[in-house]
Amino acid sequence: MTTRTRFAPSPTGFLHVGGARTALYCWLQARHEQGDFILRIEDTDLERSTPESVQAILDGMDWLELDYDEGPFYQTKRFDRYAEVVDQLLAEGKAYHCWCSKERIEKLREKQMEEGIKPRYDGKCRDGGEPVPGVKPVVRFRNPREGHVRFDDRVRGPIAISNDELDDLVIARPDGSPTYNFTVVVDDWDMKVTLVIRGDDHINNTPRQINIYEALGAKPPEFAHVPMILGDDGARLSKRHGAVSVLQYREMGYLPHALNNYLVRLGWSHGDQEVFSRQEMIDLFSIDGVNRKAAAFDYDKLNWLNQHWMKTLPPADVAPHLAWQFEHLGIDASQGPALEDLVTVQADRVKTLKEMAEQSRMFYEDFDSFDAGAAKKHLRPVAEAPLRAIREALRDLQSWTPASLDDAVRGVAAELEVGMGKVAQPLRVALAGSGVSPSIDKTLWLVGQERSLARITKALEYIAVRAAGQD
């Protein structure tokens, strides 16, 4: 049988990190077993579902490069199918109309809680309810009252729940709209899903859903309930721990592969290996290897992985993500060095692509003034001769490469009989506007010949003004 997994988020907000990890696990299991991965949008909550949230989910999946073989399917487009199955269950006596008012249900719940009883519907209409004027009935599933629901969870192991702990859940609201536990069963049945991977906050729903499968004469899929993700304080990951939306991680400058690599290790392992290529994740992943214990989010490890992949992936693969950062910062990256070249120089120096873009503005935009501290220290009259000499050396340079630029700077230092720092530091401030930049040969290379010469001239003018005491 072909493995078929699905990711089924509700579009009531962004795609959060926990959902992204679930999607990744579903995607990897399907790819590992050469099966199918389905995307389904569970948008039956008409009051809370929004087009913006749907788009955020689609954008998040696209950014993470989790391609799906089928979908996206939308539950709101399947209401006729759900109504058909509700009618089938009613006709077969496996569901019934319930006329109990909201007030009665609330009073029943309050009484049960006062008596220390687990709140549940008492089955008043189970064997025939009387229509109540002004009340539209719900449809309830006739849950078995005896026996147990048993299933072997691929993460948590064997689970058994007594049917007398389950009540007759509502499968259709008064307006006819279906409920979550019902639509999930119909969808997974129709879509021939063989393995449901989802968060362990859904584990209490599983016995109810298995009973619906059996009432429909359908074979339930296998289930794997993965643990939640915690913050560094042991509490469930939330906004107070930092970003929880997948697209926030893009804004913060993380590569999608780095985030995937990090998320796959939040609950799953392959020995002590920390770094996984995309193909290695596909080849090695198995849902059976997921730990039932919750994992804590660690930004230090994510930063380490992100820098690793910025340095390791082909620069051409990193460049489009860096281009997005420049665009986000309002920087025109077409007027400067190739982004692939920038990645090769800067990847060792930063943890995120956002940092890389912010620290590389000087290669694409001219600056109005020099950093005061750096200029005071390095753009002094004594620096005039080295800057003039290096300007002359660079003006006629035919080959603008890091190697030739390094030779030029060293040649000027030797000619003037001064240390490299006496040439490189004033030159760095002239080129970057501050005392911080990559190695001087790489800085010159990225700034480019025309812009380098113009900035050296600007620095010389600054020195002249300073020497005249007019600054």
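# Burial, backbone and pockets

Modeller: Proline 158 touches Phe151, Asp152 and Asp153, leaving aside residues up to four places away in sequence. The model is a predicted one.

Biologist: Why is proline 158 called exposed?

Modeller: Its relative accessibility is 73%. The cut-off for exposed is over 50%, so proline 158 counts as exposed. The residue lies in strand 7, residues 157-162.

Biologist: Why is aspartate 200 called buried?

Modeller: Buried means under 20% relative accessible area. Aspartate 200 has 18% and is therefore buried. It is located in the loop between strand 9 and helix 6. Not counting residues up to four places away in sequence, aspartate 200 touches Arg156, His225, Val226, Pro227 and Met228.

Biologist: What makes the phi of glutamine 34 worth a remark?

Modeller: Most residues other than glycine have a negative phi. Glutamine 34 is not a glycine, yet its phi is positive, about 50°. The residue sits in the loop between helix 1 and strand 2 (36-41).

Biologist: Is glutamine 34 buried or exposed, and how do you know?

Modeller: The relative accessibility of glutamine 34 is 74%. Exposed begins at over 50%, so glutamine 34 is classed as exposed.

Biologist: Where does glutamate 65 lie, and what is its phi?

Modeller: Glutamate 65 is in the loop between helix 2 (51-63) and strand 3. Its phi is positive, near 60°, in a residue other than glycine. Helix 2 is followed by this glutamate.

Biologist: Why is glutamate 65 called partly exposed?

Modeller: Its relative accessible area is 39%. Buried is under 20% and exposed is over 50%, with partly exposed in between, so glutamate 65 is partly exposed.

Biologist: How do you know that the span of helix 2 is close to what is expected?

Modeller: Helix 2 has 13 residues, and 18 Å is expected at 1.5 Å a residue. The distance from its first C-alpha to its last is 18 Å, close to that value.

Biologist: Which residues of helix 2 are buried?

Modeller: Ser53, Val54, Ala56, Ile57, Leu58, Gly60, Met61 and Trp63 are buried in helix 2.

Biologist: How do you know that the length of helix 19 agrees with its residue count?

Modeller: Helix 19 covers residues 449-467, which are 19 residues, and should span 27 Å at 1.5 Å a residue. The C-alpha atoms at its ends are 27 Å apart, so the two values agree.

Biologist: What makes you say that the buried residues of helix 19 line one face?

Modeller: The buried residues of helix 19 are Ser452, Leu453, Arg455, Ile456, Ala459, Leu460 and Ile463. Viewed down the axis of helix 19, its buried residues fall within an arc of 165°, so they line one face of the helix. They pack against helix 15 (384-395), helix 17 (420-432) and helix 18 (440-447).

Biologist: What follows helix 19?

Modeller: Glycine 469 follows helix 19, with a positive phi near 70°.

Biologist: What lines the largest pocket?

Modeller: The largest pocket has about 860 Å³ of space. Its lining has 34 residues, and His16, Gly18, Gly19, Asp201 and Arg236 lie nearest the centre. Strand 1 (4-7), helix 1 (17-32) and strand 9 (195-199) are the elements that give two or more residues to this lining. Helix 1 gives the most, with five residues.

Biologist: How many lining residues of the largest pocket are nonpolar, polar and charged?

Modeller: The lining of the largest pocket divides into 15 nonpolar, ten polar and nine charged residues. Gly counts as polar in this division.

Biologist: What is the volume of the second largest pocket?

Modeller: The second largest pocket has a volume of about 560 Å³. It is lined by 28 residues, with Arg109, Leu169, Val170, Thr179 and Asn181 closest to its centre. Helix 4 gives the most to this lining, with five residues. The lining of the second largest pocket divides into seven nonpolar, nine polar and twelve charged residues.

Technical notes. Residues are numbered from 1 along each chain as its sequence is written. This is a predicted model: local features need pLDDT of at least 70, side-chain atom pairs count only at pLDDT 80 or more; totals for chains, interfaces and linings use all residues. Side-chain values use heavy atoms; hydrogens and water are left out. Helices (H or I, at least four residues) and strands (E, at least two) are DSSP runs, numbered from the N terminus. The expected span of a helix is 1.5 Å times one less than its number of residues. Buried means under 20% relative accessible area, exposed over 50%, partly exposed in between (1.4 Å probe, protein chains only). The arc is that of the directions from the helix axis to the C-beta atoms. Contact means heavy atoms within 4.5 Å. On a 1 Å grid over the protein atoms alone, a cavity is a set of points where a 1.4 Å probe fits but cannot get out, and a pocket is an open set with protein on both sides within 12 Å along at least five of seven lines; lining residues have an atom within 4 Å of a point. Grid points are joined across faces, edges and corners, and a volume is the space filled by probe spheres set on the points.
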